[in-house]
Amino acid sequence: MGKKQKRGEEKSRCTRGRSIVDVASEALKNKEPLNLEWDKKTREPIGENAAKFGSWCGVVAQKYVSINLLVWYELEEAVKKDMLSKITGAFTVPKDCEDYCLSKAAISWRSWKCRLRRAYMVNKEGVIQKSPPDLYPQITPTAWTTFIAYHTSEEFLAKSEKNKANISKKETMYTGSRGGYRKLTETALTYVKEYAEGKFKSSGTDDILGRAIGKPEHPGSVRGVSSHVGVTKVFGKSERKTTTEYVKSLDKRVIDQHILLQGLEGVGSLLWRLFVEDKELDDEDVDFLDNLKQLTKTIPNAEEEEEENDKEGGGMDE
C-alpha cells in the first residue's frame with residue numbers, strides 16, 4: 001500500500017495551488033504580468049484570470065503575514081508594499097485598483113487562519129496537533145505553538161461564542177460561489193448573449209438563470225417563492241398541447257386517409273375470402289364496402305387539392 005496521505009494534503013488542492021504559484025511566479029520572474037480584466041463600474045477583476053488572481057493574493061498573504069497577527073490594520077506598511085509588488089508584478093493591476101489587491105489578500109488571509117484552526121489544529125480524535133501542517137512549510141513550530149495557545153485561550157473562546165450567536169441571528173446566508181454574485185452575473189450575461197445569437201435555447205427549467213447557477217432546477221419549483229407555489233401559479237399554464245388536444249388539431253384529411261388505409265386492408269382481407277377461400281359476402285361485408293365508398297368521396301385527391309390551392313393563390317408563381 002502507498003503512503004497514507006496526511007490530513008489537509010488533498011491532491012486537488014495541492015495541484016491547483018501549485019499550478020497557480022508556478023504560473024504567477026513565472027510571470028513575476030519574467031516581468032510579464034498576466035492580463036487581468038477589471039470591471040469598469042465595480043473595479044473588480046473579471047475574466048478567465050480572475051480566480052487565479054484571487055488565489056495568488058492568498059498565497060502572497062500566507063507568505064508575508066504571520067498567522068499570529070490579530071488584526072490586519074496592525075500590519076506594517078513595508079510588508080504591505082512588498083505584498084503589493086508581488087501581486088502587481090504577476091497580474092496587470094490599474095493604479096486605482098491597488099487597494100483592492102490588499103483587501104483581497106486580507107480576506108484570503110483571514111479565511112486561511114480560520115481553515116488552519118478548523119482543519120489542522122485538532123485531529124479527528126480531538127487531539128491538538130503540536131506540529132504545524134506539512135502543507136504550509138512557512139509556519140514555524142514556534143509560530144504554531146503561539147497560534148494554538150491563543151485559539152484555546154478563554155479570551156478567544158468567549159469571542160468565538162459571541163460570533164456564533166451573532167451568526168445564528170442571520171435570516172439569510174450567503175450562498176454564492178467563489179466568484180460571488182459578480183461571477184454569477186458574468187456567467188448569466190454570457191448566456192444572454194448566446195440566447196440573442198440563437199446559440200442557446202431556453203426550454204422549461206433549463207433557462208439562463210439555471211445555467212448561470214450551474215444547478216438544475218427542481219421540477220415544479222420556482223426560485224424566490226414558497227415551495228407551495230408551483231410553476232403554473234407563477235408563470236401560468238403551459239402552451240404545450242396534451243395528446244388529446246394535439247390529435248383534435250390534426251388535419252381532418254390526414255385522419256380520414258388513415259381510416260381509408262385501414263379500410264383498404266379490410267378490402268384485402270375481403271378479397272382473400274372471396275377468391276381464395278371461395279366464400280360469399282355477408283351483410284357486414286356489404287355494409288363495410290358501402291361505408292368505404294362514401295368515405296372515398298369525401299377525401300380529395302392530391303391533384304384536386306393542388307388545383308384548389310392554385311386558385312386561392314391567384315397564380316403567384318407565374
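Which side chain meets Glu77 in a salt bridge? In this predicted model, the partner is Lys80, with an N to O distance of 3.7 Å. Both residues belong to helix 3, which spans residues 77-90. Because Glu77 and Lys80 are three residues apart in that helix, about one helical turn separates them. Glu77 counts as exposed, because its relative accessibility is 59%. Lys80 counts as buried, because its relative accessibility is 16% and the cut-off for buried is under 20%.

The structure holds six salt bridges. Another of them joins Lys164 to Glu161, with the closest N and O atoms 3.9 Å apart. Lys164 and Glu161 both lie in helix 6, residues 154-168. They too are three residues apart, about one turn of the helix. A further salt bridge links Glu197 and Lys199. Here the closest N and O atoms are 3.3 Å apart. Glu197 is partly exposed, with a relative accessible area of 44%. Lys199 reaches 65% relative accessibility and so counts as exposed, the cut-off for exposed being over 50%.

The overall fold was then considered. The protein chain has 13 helices and two strands. It comprises 318 residues, of which 24% count as buried. The chain exposes about 24000 Å². Carbon and sulfur atoms supply 53% of that area.

Val59 lies in helix 2, residues 50-64. Its relative accessible area is 28%, so Val59 is partly exposed.

Lys31 is not a glycine, but has a positive phi of about 55°. Lys31 is found in the loop between helix 1 (11-29) and strand 1 (37-38). With 73% relative accessibility, Lys31 counts as exposed. Arg43 is not a glycine either, and its phi is positive at about 60°. Arg43 sits in the loop between strand 1 and strand 2 (45-46). Its relative accessible area is 26%, so Arg43 is partly exposed.

Asp283 is found in helix 12, which covers residues 283-298. Asp283 counts as exposed, because its relative accessibility is 64% and the cut-off for exposed is over 50%.

Notes
Residues numbered from 1 in each chain as written. Predicted model: local features only at pLDDT ≥ 70, side-chain atom pairs only at ≥ 80, totals over all residues. Heavy atoms only, no water. Helix = DSSP H or I, 4+ residues; strand = E, 2+ residues; numbered from the N terminus. Buried < 20%, exposed > 50% of the residue type's maximum accessible area, 1.4 Å probe, protein only. Areas by Shrake-Rupley, 256 points an atom, 1.4 Å probe, with all protein chains shown as cover. Salt bridge = Lys/Arg side-chain N within 4 Å of Asp/Glu carboxyl O.
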